[in-house]
Amino acid sequence: MSNVFETKEKGKSMKEEIHDFIIWDRSKHGYDFLLNYLKEKFQILDVYEVKWTKENFERNLRRFYGPTLPNPQKKMMQCGTGSFLMIIFLDPKPVYKFRKTSLGMQKTNVNVYDAKRNLRKVIEGEYPIHGSIHEKESNHDITLILGKNPTDLLKQFNGKWNGKIKDFKGDLIGTGGWKNLFDIFYLLNSTTNYVILRNFEEFPKNIISDKHRDIDILVDDLIHLPYMLNQQNVIESKENCPFVNIENKNVKFDFRYVGDTYYDEKWSKDILEQRILFKNNVYVPNDKHCFYTLTYHCIIHGASLKNYQLRLSNLSKKLNILNFDLNESDSKIKLKKLLDNFMIENGYIYTDSLKYRIRHNEMIRLAKVSLFVLKHEGLKGLMRSIKRKIK
């Protein structure tokens, strides 16, 4: 979900972006200075005074910052646990360049990034403010806190800000469990690069069926997902539980990620890059990737072909695959040949092959994950992850 809006200036297409700044409870004395500073550079859309419940404040912080917050108690001491102010504003001419951040070098909107750094130097306190530095982060912040993505939030904006601060009482979306599947995918659509791999035709009305008792999702960022989905058991390392509480039911989410051995890494990237928004407002593979991932699932993963026979048949017609008949005795052999040709044409490798296993062996995978955790959570975070793995 993009928060970018197109305008035209001197015949050239310009992009406007919504961003946010948060000034925490213990630094609210700097609000007037921050607001006036932002007014000079950006267009203020709205200001909210957000009040989280005391019992969920730490949980909200943990979910909001994700794995980058190794010590929520320390953060609470720094920012306070009272209400905070959230300023939503529009940058009419964003400029993207690489900047060094706490997560390493990132491509950021330097207008907002530089403003954030300057404001932190002036406003007293230890990390007194939080601010989104790119489009993805503003989508994350606004949707999690206000329960509406920037696009929908903009629809409520009626022109120039009237100078009044709106009260907003409520914890992060999904706190205490999810009301329905709509809310989950509303959040994921705004924040996460994902596709539902299969059995998505009835989503989100029917969560699971007798034949398919879990939701299979491919993502490019597995580490932040438990925080987004409020999987507290996973976050707190109490158990490696892939369930998400929806409508007071534990629904299993089966996460696959780029670089695992489920599909070839290059193929996984292509699936995500070429994803489409399905009619029920969830992201799914395009028809070609859908046909061949289902084929791969049956031939390589060992899924029952009967469960996907109708779907594969319908997709084959869309893709103009000739002489396709799964009722023939040698249908699996023909299906494997189709899959072989597809894999060769696109440069994909079977993940059960020796070549792929050498390139993606477990030690290399663990080394990559360790480096990622070390970079994002520090040495203490890495040690916690190692202990969890051993356990």
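Is N230 buried or exposed? At 12% relative accessibility, N230 counts as buried. The structure discussed in this note is a predicted model. The points below take up backbone geometry, helix contacts, aromatic rings and charges in turn.

1. **The backbone at N230.** N230 is not a glycine, yet its phi is positive, at about 65 degrees. The residue belongs to the loop between α8 (225–228) and α9 (232–235). With the cut-off for burial set at under 20% relative accessible area, the 12% found for N230 places it among buried residues.

2. **The backbone at N248.** A positive phi of about 65 degrees also occurs at N248, which is likewise not a glycine. Here the setting is the loop between β11 (243–246) and β12 (249–257). N248 has a relative accessible area of 72% and is therefore exposed.

3. **Helices α5 and α7.** Helix α5 comprises residues 135–146 and helix α7 residues 181–191; their axes come within 8 Å and cross at roughly 155 degrees. Angles over 145 degrees count as roughly antiparallel, and α5 and α7 are therefore roughly antiparallel to each other. On the α5 side the contact is made by K136, N139, H140, T143 and L144, and on the α7 side by Y186, L187, S190 and T191. By class, the residues of this contact of α5 with α7 divide into 3 nonpolar, 5 polar and 1 charged.

4. **Helices α2 and α3.** The axes of α2 and of helix α3 (residues 72–79) come within 10 Å, with a crossing angle of roughly 105 degrees. Since angles of 65 to 115 degrees count as roughly perpendicular, α2 is described as roughly perpendicular to α3. From α2, the residues in contact are F57, E58, L61, R62 and Y65; from α3, they are P72, Q73, K75, M76 and C79. The contact of α2 with α3 has 6 nonpolar, 1 polar and 3 charged residues.

5. **The pair W24 and Y65.** Y65, one of the α2 residues in the contact with α3, also takes part in an aromatic pair with W24. The ring centres of W24 and Y65 are 6.5 Å apart and the planes stand at 40 degrees, so the pair is tilted. This pair links distant parts of the chain, 41 residues apart: W24 is in the loop between β2 (12–23) and α1 (31–41), and Y65 is in helix α2 (residues 57–65). Both W24 and Y65 are buried.

6. **The pair F291 and Y292.** F291 and Y292 form an edge-to-face aromatic pair, with 4.9 Å from centre to centre and 85 degrees between the planes. F291 has a relative accessible area of 0% and is buried. Y292 also counts as buried, at 9% relative accessibility.

7. **The aromatic cluster.** F291 and Y292 belong to one aromatic cluster that also contains Y262, Y263, W267, Y296, F324, F342, Y348 and Y350. In total, the model has 24 aromatic pairs.

8. **Charges over rings.** Y262, a member of the aromatic cluster, has the charged end of R256 sitting over its ring, 3.8 Å from the ring centre.

Notes
Residues are numbered from 1 along each chain as its sequence is written. This is a predicted model: local features need pLDDT of at least 70, side-chain atom pairs count only at pLDDT 80 or more; totals for chains, interfaces and linings use all residues. Side-chain values use heavy atoms; hydrogens and water are left out. Axes are lines fitted to C-alpha atoms, for helices over the stretch in contact, and angles run from 0 to 180 degrees between N-to-C directions. Helices (H or I, at least four residues) and strands (E, at least two) are DSSP runs, numbered from the N terminus. Angles under 35 degrees count as roughly parallel, over 145 as roughly antiparallel, 65 to 115 as roughly perpendicular and the rest as oblique. Contact means heavy atoms within 4.5 Å. Ala, Val, Leu, Ile, Met, Phe, Trp, Tyr, Cys and Pro count as nonpolar, Asp, Glu, Lys and Arg as charged, and the others, Gly among them, as polar. Rings of Phe, Tyr and Trp (its six-membered ring) pair if their centres lie within 6.5 Å; planes under 30 degrees apart count as stacked, over 60 as edge-to-face and the rest as tilted. Buried means under 20% relative accessible area, exposed over 50%, partly exposed in between (1.4 Å probe, protein chains only). A charge sits over a ring if NZ of Lys or CZ of Arg is within 6 Å of the ring centre and within 35 degrees of the ring normal.
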